[in-house]
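Q: Hi! I have a structure open and would like to talk it through. Could you help me read it?

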Amino acid sequence: MIVSRIYIVKGYVQGVGFRSFVRARAKALGVKGYVENLDDGSVKVVAEGEEESLRALEGYLRDGNAFSNVESVEVIETSVKGYKDFEVF
C-alpha cells in the first residue's frame with residue numbers, strides 16, 4: 001500500500017548537496033515526490049511509496065550525507081497525491 005509523508009529536516013542541510021543526496025536515495029528506493037529548500041534553512045521532503053521504502057528513506061534523512069549535520073526530522077502524515085517521479089526544487 002502506498003503511503004505519503006512530509007519530512008521537515010532541520011540542521012546544516014542547505015548548500016551541502018543534501019537535496020541531490022535525498023533524490024538519489026529516493027529514486028533507488030522507488031519513492032516518488034520532491035525535495036526543496038525552505039526559507040528557514042530547513043529542507044522539505046514530500047515522499048510517497050511503500051511503508052518499508054519510506055522507513056528506509058527516513059533513516060537516510062536522519063543520517064544525512066557526508067557534508068550535512070541533521071539536527072531533527074519532523075514527520076507529517078499526508079494524503080497520497082500520485083507523484084510520477086522524484087524531483088528537486
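Q: Let's start with Lys10. Leaving aside its neighbours within four places in sequence, what is Lys10 in contact with?
A: Lys10 is in contact with Ser42, Asn69, Val70, Glu71 and Ser72. Contact here means heavy atoms within 4.5 Å. Keep in mind that this is a predicted model, where local features need pLDDT of at least 70 and side-chain atom pairs count only at pLDDT 80 or more, while totals for chains, interfaces and linings use all residues. Residues are numbered from 1 along each chain as its sequence is written, and side-chain values use heavy atoms, with hydrogens and water left out.

Q: Thanks! And where is Lys10 found?
A: Lys10 sits in strand 1. Helices (H or I, at least four residues) and strands (E, at least two) are DSSP runs, numbered from the N terminus.

Q: Why does Lys10 count as partly exposed?
A: Because its relative accessibility is 36%. Buried means under 20% relative accessible area, exposed means over 50%, and partly exposed is in between (1.4 Å probe, protein chains only).

Q: How far apart are the C-alpha atoms of Lys10 and Ala28?
A: They are separated by 23 Å, and the two residues are 18 apart along the chain.

Q: New topic: what pattern does the protein chain follow along the sequence?
A: It reads β-α-β-β-α-β-β, with two helices and five strands.

Q: What about the largest nonpolar core, how many residues has it?
A: It has 20 residues, and those with the most contacts inside it are Val9, Phe18, Val22, Val45 and Leu61. Strand 1 (2–12), helix 1 (18–29), strand 3 (43–50), helix 2 (51–63) and strand 4 (69–78) each supply at least two of its residues. The largest share, four residues, comes from helix 1. A nonpolar core is a set of buried Ala, Val, Leu, Ile, Met, Phe, Trp, Tyr and Cys residues joined through side-chain atoms within 4.5 Å.

Q: Which residues does Leu61 touch?
A: Not counting residues up to four places away in sequence, Leu61 touches Tyr7, Val9, Phe18, Val22, Val45, Val70 and Val73.

Q: And how much of the protein chain is buried?
A: Of its 89 residues, 39% count as buried.

Q: Last one: what share of the contacts join residues at least 24 apart?
A: Among contacts between residues at least 6 apart in sequence, 78% do. As for overall dimensions, the C-alpha atoms fill a box of roughly 35 × 20 × 20 Å along the principal axes.
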